[in-house]
Amino acid sequence: MTALLEARHVTKIFGGGFFTKSYTTALENFSMTIENDPPSVTAVVGESGSGKTTLARLLLGLVEPTRGQVLYKGEDLRKIGGRERRVFRRDVQVIFQDPFEVYNPFYKVDHVLTTPIEKFGLAKSRQERDSLVVQVLEAVGLRPEETLGRHPHQLSGGQRQRIMVARALLLRPRVILADEPVSMIDASLRATILGSLLKLNQEFGISILYITHDLTTAYQVSENIVVLYRGNVCETGDVELVVKKPLHPYTRLLVGSVPLPDVNRRWAAEAPASSIGQKADPNKGCRFANRCPNAMEKCIRETPPLYRVDEKRAASCYLYDDKPQLRSEDMMEVFIKGTPRLKTVVGVQ
Amino acid sequence: MADVVALSGTATDYAVKKDTWGNVRRYLRRNPSLLVGMFLLFCLLAFWLVGSAVYDTSRAAALSVPDTVHPPSAEYPLGTDRIGRDIMAVMIQGTMLTLRIGLIAGILGVSVGTIVAFLGGYYRGWFDTLLKGIVDVGLTIPGMLILIIIAVNIKDQGLTVDQMGLVVAIYSWLWPARTIRSQVLTMRERTWVEVARLSGVSGPEIIFKEILPNLMPYMLASLVGSVSSAILASIGLETLGLGPMAAPTLGMTIYWVIFYSAMLRGYYWWWMPPIAIIVVLFVGLFMVSMGLDELANPRLRRGV
Amino acid sequence: MKPDVLDVKDLKVYYHTPRGAVKAVDGVSFQLFAEERLGLVGESGSGKTTSAMALLRMIKAPGKIEGGEIWLEGADQVLARHGGKNGNGQYAKGGKVNLQTLTDEQMVSLRLSAIALIAQGSMNSLNPVMRIRDQIADGYQDHGYKLTKQELKERTADLLNRVGLRPSVADMYPHELSGGMKLRVCIAIAISLSPKVILADEPTSALDVVVQRQVMETLRRVQEELGASVLLVGHDMGLMAQAVDRLGVMYAGKMAEVSPVHDIFTKPLHPYAQLLIASLPSLDVKGEFKGIPGLPPSLLEDIPGCPFAPRCPYKMERCEVEKPILKEVAPNRHVACFLVEGAK
């Protein structure tokens, strides 16, 4: 069955033009599919410079890959135009990070909901349009009388972001790319937004690609995880395995550095430095070599492939080179599919 | 401060009173430039309206008055000039005519400037490169020079006031084009434009419905600037004798003042009124422009 | 029990907007003890950053410090050293100085030398066209230290070393440094005059967790060496749990609870603190998403009673009409809540 959205051996390089010698590999040989049947929640975790934002833009067709392809229902995004492209725009929605920047300051927040209804012909009359708006607002736990008719600056960040989730729901997409949806929201309001997102997944069967730097919320929300570092996949698979028993040195460092709100588990002792140091070339070999305490000569020469360390987890590190190798396009094999999820309780207004 | 933004409009602030007039009044109190400027312009407008209603403005035409160079008197409150015109009538008519030239040129300039700015700034490509080239080069060439050359060549065909406006417009679109283009360049990168695109909104619709409304303050400020520079240019040209000779505009009056050495001969009632009106006009326009600058650029807004 | 170096009493900071006065900080009191790390946590609009800025008297119009006292230990010595105009202890009380009584000039001489600030977005508080060594030298110069070139070089190298940077960084420009390195430079500048109090306002907000941890550990080490106290302002409860000794939780311009960090995370007393901690997602177990329903109140209106009452699951009648006061309900545990008060 053709995948809904697929990245096939995608590489994106910035810079390196005629006059500049230096270039950055934002993403290298990345392959991943997003299915809708069954609907999944996958987290892509990485720090700034990891390539996660580039991945989102590639999947949305906002930038083109340097090598490889991004396919929608089996067709290269670059070749899709006109009607088919409109369908794509409906099927793949995005939730941005900044809950303020997404609103045109001239209009009330209603505008952001009525525009797609109008453009995609989702309602045949004014009444139908209004009832659709009310419907989606209530679905994300907002009260229409408290949100409609207001300007963006009159609402809280949490409310604004939830309206964006409602907007995503309007179009009944098959996939939602959520790019750091809660990083600019207060802690106490995050739960409600994440809850709404999960509701979209469970009640409406929408697959979610949750892109973030926050390992904790990624763990809470998703089934599978992809950990990126400087454009390469470090570790991927069942989120329970990757987070509870990280194998890749970077994942280990990441998990160990997360500030847990638990006074009994204070940060561990400072991590040992790398033995390889600055010798590594930023575009060759394992990107983590210059910070890795286990780095070997091999690591700076060649990028390690993915090794299938567990049934449902793979890591790209030579420490595990005794395990079977996994091709980039087979990365999805370590993903768990369709786990029954815990019931989520969302704070009700 | 982010804190203040979040605080001033939270959930309990539901009763959104439609107090637009209150907001306008409050803002004007905080923006004295705008208030004073508007008042001055209003005075001039009133001068013309009331003046044309109560006064006989037909005497602004040349040779309409038998007593030439008559100092102010009961019959001629501002006296008369050498060409046989009632100066009060000239002032009343002139204010309107000068403003008209400015408005024609200003509005035309901003309209043309806005259209090309949007086309170039939003769509980029060859048109934008061409536009940038023309505007950048055009702005470095002294405008008066171009206008003088054009005016000299057209003048013999009998320039009317409206044609004057068109001539000045040739130059007045450049500056608006540049400033509005930069605004468009910034706006098109905003996230909410991307959101609109992802919602299926087409290019022209994004321009008109998403970006344009946000640029209104800028365009208004641009208009005032355009009108001011157009009036200045027209007065400049007229003073040199390159305007509509028969029209009783303020600039032409100054031309005649120079031609007949009115200053040297002490005909103060002839050269003072036009200068006074021009000064009021410019101070008014300047203050409005400063006030609008503040409106358009929230960062300049003064705290309470 | 260590003495306190900073004693804030009933601080009030209001922002005067056309729609009225926004009470960003409304009667906040707390103490910062010697050599301790105190955290000030709250969500947006809680008043935590405003409180910190008020300590340095860096509140800009339309904001104004409307009341309260800020007693700083050791300030009189610093003022005397810099020849303050009223440097004879008229405003002092047992070695402490009430910052509110000082002139702007005197405040200037206190900043960096008695209280230092590591601002939010430290990356952007470094002058992009000046080398690091010149920016460090600036601090010395502005406070009247006359150092020879050699002395300056040595001190700079020492400072950089203390924050874990190579001496060669001194000759670099900010854009040549990574985010973490820039923050370390800001820490170096903050400790250059050996202040007793260091204010860190969300210093790591733009950094990734790995760098954040490393820099916070450096800050701790540096603070211990200096014997200084740190006031860490932020919204990340997880970071607070790891990086401070005591924590003050602010809500709607008021202090809800101040307790030792161990106590507050294991047994939070104030309902807001309880709900807040309960809403924090864990890395151990996938669970329910518990947010706090409702929204913080508008600070424009006068809030009768406890500001958290509308959202509080334990709200009593008293809470809606009477304002709770911060009281010590257990050793070193201060809470502003009628429920907790009554239970003791």
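The model is predicted: local features need pLDDT of at least 70, side-chain atom pairs count only at pLDDT 80 or more, and totals for chains, interfaces and linings use all residues. Residues are numbered from 1 along each chain as its sequence is written, while chains are lettered from A and ligands numbered from 1 in the order in which they are written.

Start with chain A. Its strands E2, E1, E4 and E5 form an open antiparallel sheet, in that order. Strands are DSSP runs of E with at least two residues; helices are runs of H or I with at least four; both are numbered from the N terminus. Strands pair if DSSP finds at least two bridges between them. E2 (23–34) and E5 (75–76) of chain A are the edge strands, each pairing on one side only. Helix H1 (residues 52–59) of chain A lies across E1 (5–15), E2 and E4 of chain A, at about 120° to E1(A). Such angles run from 0 to 180 degrees between N-to-C directions, with axes fitted to C-alpha atoms, for helices over the stretch in contact.

| Strand pair | Bridges | Opposite residues |
|---|---|---|
| E4(A) and E5(A) | two bridges | A:Tyr72 and A:Glu75 |
| E4(C) and E6(C) | three bridges | C:Trp71 and C:Asn98 |

Now the two chains together. Their contact takes 37 residues from chain A and 35 residues from chain C. Residues are in contact if their C-beta atoms, placed from the backbone, lie within 7 Å. On the side of chain A, H7(A) gives the most, with seven residues.

Methods
Two residues are in contact if their C-beta atoms, placed from the backbone, lie within 7 Å.
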